[in-house]
Amino acid sequence: MSELSPGTGPAVERLTVAQALVRFLAAQYTERDGVRRRFVESMWGVFGHGNVAGVGQALVEYRDRMRYLQGRNEQAMVHAAVGFARHSGRLRAQAVTTSIGPGATNLVTGAALATINRIPVLLLPGDVFATRPADPVLQQLEHPSGGDVSVNDALRPVSRWFDRISRPEQLIPAALQAMRVLTDPAETGAVTLALPQDVQAEAHDWPVEFFAERVWRVGRPAPDPDALAAAAAAVRAARRPLIVAGGGVHHSEAHDALRELVDDTGIPVAVTQAGTGALRHDHTSETGGIGHTGTAVANSLARHADLVIGVGTRYTDFTTASGTLFAAEDVRFLNLNITSHDAHKLAALPLVADARAGLVALRAALEGHHVEPAYEAEYAAGRADWEAVAGAALATPEDASRPTQAQVIGLLAQTVGDEDVVVNAAGSLPGDLHKLWRPRSPRQYHLEYGYSCMGYEIPAAIGVRLAAPDTPVWALVGDGTYLMMPTELVTAVQERLPVTVVLVQNHGYASIGGLSEATGGERLGTAFRYRAPDGTFTGDPLPVDLAANAASLGLAVERASTVGELRAALAWARTAKGPTCVYVETDPEPTVPAAQAWWDVPVAEVSRRPAARAAAAEYRQLRSTRRHHL
């Protein structure tokens, strides 16, 4: 129990380090646009030695102030926290506590995902004894170059902030620095506080002020006036401007500001994976996904644009088609981004500001400006042509036929409400969704593609549902990613969270299978089938029943083998009261339009096999079109 220390000096309270940390976190708030929110209201945990007697005991001590969520896999807990924070606009976050050793190293993939996607999550891995009473202890890494190295140091390169609390008094500055980074929209990502197991349980006299409510204001930095004037001049001079909307539009809640700007100016908008939903699909300026997984109309506009206006985007290689997409000889870039590092990419004219504040200011500076009618007519015709192509892929005319993956997407789109959330991350589905999904609300489309991490979908769907308890959430999962991380389905059952898993079975890694074939790898290791005597993977699919597996973990399951059955199963799932799974075997033949732009995956320069030699020749030709924008 805590003890208030007597005396005439500053008031102090005697608590363990773990108790003090939980008390501190429970009192942290964010505020943006006058709205105040509790920042860390829950903590995920898998307990073992290294956190059970420290953070675990503290969570029992203060269970009225900090909700505990039981995870099954440490990586998955981070994914759930990322889903929660992203759906909360990065204004709320969750913490994750683990044991030492493998519990801590299992965090590394999740931490990388959070940092790459600029999503706040607080990691609290247990660590070996700071006082070293026994050396080595169970799961301790003995490193020949230093006695202070532990496995937790693997988290340093994938964390935006890392500290090891080896003395109780170090917690105060470390906790404040952690909160600074977590709530800074330009710096946020995974934050790690490594907690040696003996220090967690050590008592200390803490200033009572450390536990007072603290508000971290998330501001909206405005653009520099001179930079804004230069940006407006660049837009006015452009004949074929194109806006590339990224995830920063969502993080800033800049959707209305973007819509108002393009309503005034007529500038078309293409969206990255993270930016999808920045405009409703039926807005006249919305042209769909850009880049390797983009639409024909958006990529055609990108190839001929003379000014590319990036709003909250990192310009990954999928967006730029590995440096080959923006092909106009005179093309220039204007980047509105809260992060200076991203604003300067592609030798751009930088406009460093909050996305919403920057768009509002740019709109005012462009008053009276509008693109030429011929340009509007061009991209309107392109939108109509693409709608016909996409509509044909999504059509579901035969109720008795086995559905294609595109038809699964089409039927799901018909089932979900405007505010439902669809979560996906890796495989062939992200490319198909980027081309075909028609978002009807800003947060309906939840794709993790910064790290493209298999296994993200199910835990992230749980995180989204925790962030928005009344919102239907769908985890769209392929068989490959399901096999990697289905464990958090048990947590969904435990917490009675009505998430729905749409489990698409095509008996292999469809995305990498296609990539392997295109690059001379001949689909090695990408099919879930029996091995033939000659070493190839052919024959019948493996007798793995993933629907039965989902049922064994506590989900209500509906199997669908035809278009009609799938339509009925999806309708059933949307009204279900608990965790559900719709299992569907799909036609493995691709029915979505092929990639509209290149992606650089190096091919073997020499080979005895014809497929690899042909792939290498094509690769050399495509690589020759890459350029550096200067």
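Trainee: What is the order of the open sheet of three strands?
Mentor: The order is β4-β3-β12, and the pairing is mixed. Two strands pair if DSSP finds at least two bridges between them. Helices (H or I, at least four residues) and strands (E, at least two) are DSSP runs, numbered from the N terminus.

Trainee: Which strands stand at the edges there?
Mentor: β4 (35-38) and β12 do; each has a single partner strand, so one side of each is left without a neighbour in the sheet. From one strand to the next, the twist averages 30 degrees. Angles run from 0 to 180 degrees between N-to-C directions, and axes are lines fitted to C-alpha atoms, for helices over the stretch in contact.

Trainee: In which sense do β3 and β12 pair?
Mentor: Strand β3 (residues 28-32) and β12 pair in the parallel sense, over four bridges. Y29 stands opposite V215 in β12.

Trainee: Before we go on, what kind of model is this?
Mentor: It is a predicted model, in which local features need pLDDT of at least 70, side-chain atom pairs count only at pLDDT 80 or more, and totals for chains, interfaces and linings use all residues. Residues are numbered from 1 along each chain as its sequence is written, and side-chain values use heavy atoms, with hydrogens and water left out.

Trainee: Noted. What is the order of the open sheet of six strands?
Mentor: That order is β6-β5-β7-β8-β10-β9, with parallel pairing. β6 (67-70) and β9 (161-164) stand at the edges with a single partner strand each, so one side of each has no neighbour in the sheet. The twist here averages 20 degrees from one strand to the next.

Trainee: And how many bridges join β8 to β10?
Mentor: Five bridges join β8 (residues 121-127) to β10 (residues 190-196), and the two strands run parallel. V121 has A190 in β10 as its bridge partner.

Trainee: Which helix packs on that sheet?
Mentor: Helix α1 (residues 17-26) does, touching β5 (40-45), β8 and β10. Its direction makes about 140 degrees with that of β5. Contact means heavy atoms within 4.5 Å.

Trainee: Changing topic: how many aromatic pairs does the structure hold?
Mentor: It holds 10 aromatic pairs. Rings of Phe, Tyr and Trp (its six-membered ring) pair if their centres lie within 6.5 Å; planes under 30 degrees apart count as stacked, over 60 as edge-to-face and the rest as tilted.

Trainee: Why is the pair of F24 and F210 stacked?
Mentor: The ring centres of F24 and F210 are 4.6 Å apart and the planes are at 15 degrees, so the pair is stacked. F24 is in helix α1 and F210 in the loop between β11 (203-207) and β12 (214-217), 186 residues apart.

Trainee: Now the helices. How do α11 and α15 cross?
Mentor: The axes of α11 (residues 296-304) and α15 come within 8 Å and cross at roughly 150 degrees. On the α11 side, A296, V297 and L301 make the contact; on the α15 side, Y375, E378, Y379, G382, R383 and W386 do.

Trainee: How many cavities does a search of the whole structure find?
Mentor: Five cavities of 30 Å³ or more are found. On a 1 Å grid over the protein atoms alone, a cavity is a set of points where a 1.4 Å probe fits but cannot get out, and a pocket is an open set with protein on both sides within 12 Å along at least five of seven lines; lining residues have an atom within 4 Å of a point. Grid points are joined across faces, edges and corners, and a volume is the space filled by probe spheres set on the points.

Trainee: What about the largest cavity?
Mentor: The largest cavity holds about 190 Å³ of space. It is lined by 19 residues, and E286, T287, G288, W386 and E387 are the closest to its centre.

Trainee: Lastly, which residues does a cis peptide bond join?
Mentor: It joins D135 and P136, with omega about 5 degrees. P136 lies in the loop between β8 and β9.
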